[in-house]
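Open the model in your viewer and keep the selection tool ready. The tour goes stop by stop.

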Amino acid sequence: MGFIKKFGLWTEEQQEAARAVLARVGAEGLRTIRVSFVDQHGILCHCVIAMVELSGLANQLAALSLLLVGKTLVVNHVRNHFPLDTADSYLLIAGGIGVTPLVPMARELAARGADWSAVYCGHGAHTMAFREELTRVGGDRVSFVDTTVAPRPDLKELIGALAPGAVVYCCGPAGLLDAVTEICEAAGVRCETEHFSAATPDPDAAPGDEVELELRESGITVVADADTTLLQAIRDAGLDLESDCEEGYCGTCETRVLEGTPDHRDVVLSKAERAAGKTFFPCVSRACGRKLVLDL
Ligand code: FES
């Protein structure tokens with residue numbers, strides 16, 4: 001294994017600290033996620049990110065990027081739950097490494113000759129990947145904000161200044177996503193966000209009541225008790241439904257709902273998609289009523 005240095009995400013000092021943590025916690029202390037990104041040459045790459053919690057550093061969750069040198073990575077087919085749609089104008093808002101999915105969007109918008117701009121915030125210039133790429137693609141359409149030396153951008157002002165027909169695409173920490181979503185809702189601006197982790201569990205959320213699932217195409221009805229996820233109940237019924245994160249953020253287990261009202265607990269669907277209730281993610285979601293009929 002070697003560290004990905006080309007992004008400049010880690011200083012030598014940070015890498016030393018990360019190695020010390022790795023030595024201390026061993027493989028069991030790591031949580032790995034698979035990510036895809038586009039490099040500066042436009043090549044789609046895939047890698048594994050190992051998440052390590054560094055105690056004593058204000059509970060910061062640090063992302064340690066590891067390149068599996070010389071190993072073959074098995075990559076599932078690509079799914080896009082953050083597509084770039086057509087709009088009159090676009091504002092891209094990135095926080096930290098959340099810039100990753102916005103880089104190909106910026107490239108595409110530039111190629112289209114679209115009306116777009118981007119704001120990219122990071123905690124220290126050395127942590128901000130893709131700066132050169134974004135500068136090359138967008139020039140002064142892209143604003144870089146190093147929050148260690150400059151105030152955070154005024155999101156209300158930025159979003160409030162958008163013309164009708166604009167759309168905001170945002171990816172970054174949960175706090176940024178929540179703030180942008182809230183401001184866009186208040187301003188009546190369409191907003192699309194991308195999450196890289198599950199939602200924080202709501203302490204007031206109702207426990208998982210028993211749910212009856214009719215798997216219409218299979219002709220099977222199964223009951224998930226309060227302690228069983230609907231995904232597991234579907235599998236217990238003999239169906240091989242694909243999954244990945246099983247925390248409601250990757251979108252892999254998406255299932256069409258034919259009847260009944262899902263109790264959405266994922267972070268993938270937009271507000272409008274939740275309201276429509278046509279699809280849901282059984283790894284985390286439940287039902288508002290007693291029964292759901294699924295297209296399985
Ligand atoms: S497996 Fe990731 S959303 Fe269900």
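Two strands count as paired here if DSSP finds at least two bridges between them. Strands (E, at least two residues) and helices (H or I, at least four) are DSSP runs, numbered from the N terminus. The model is predicted, so local features need pLDDT of at least 70 and side-chain atom pairs pLDDT 80 or more, while totals for chains, interfaces and linings use all residues. Residues are numbered from 1 along each chain as its sequence is written, and side-chain values use heavy atoms, without hydrogens or water.

**Stop 1: strand β10**

Select residues 211–215, strand β10. Of its 5 residues, 4 are buried (under 20% relative accessible area; exposed is over 50%, partly exposed in between; 1.4 Å probe, protein chains only). Look for E212, which stands opposite K291 in β16.

Next, show β11, residues 220–224. β10 and β11 run antiparallel and are joined by 5 bridges. V211 has A224 as its bridge partner.

**Stop 2: the largest nonpolar core**

A nonpolar core is a set of buried Ala, Val, Leu, Ile, Met, Phe, Trp, Tyr and Cys residues joined through side-chain atoms within 4.5 Å. The largest one has 25 residues. Select Y90, L92, L102, W116 and Y169, which have the most contacts inside it. Two or more residues each come from β5, α2 (102–112), β6 (116–122), α3 (131–138) and β8. Helix α2 gives the most, with 5 residues.

Which residues does W116 touch, leaving aside its neighbours within four places in sequence? Contact means heavy atoms within 4.5 Å. The partners of W116 include Y90, L92, A106, L109 and V137.

**Stop 3: rings**

Select F82 and Y169. They form an edge-to-face aromatic pair, 5.7 Å centre to centre with 75° between the planes. (Rings of Phe, Tyr and Trp, its six-membered ring, pair if their centres lie within 6.5 Å; planes under 30 degrees apart are stacked, over 60 edge-to-face, the rest tilted.) F82 is in the loop between β4 (61–67) and β5 (89–95) and Y169 in strand β8 (166–171), so the pair ties together parts 87 residues apart in sequence. F82 is buried at 6% relative accessible area; Y169 is buried at 0%.
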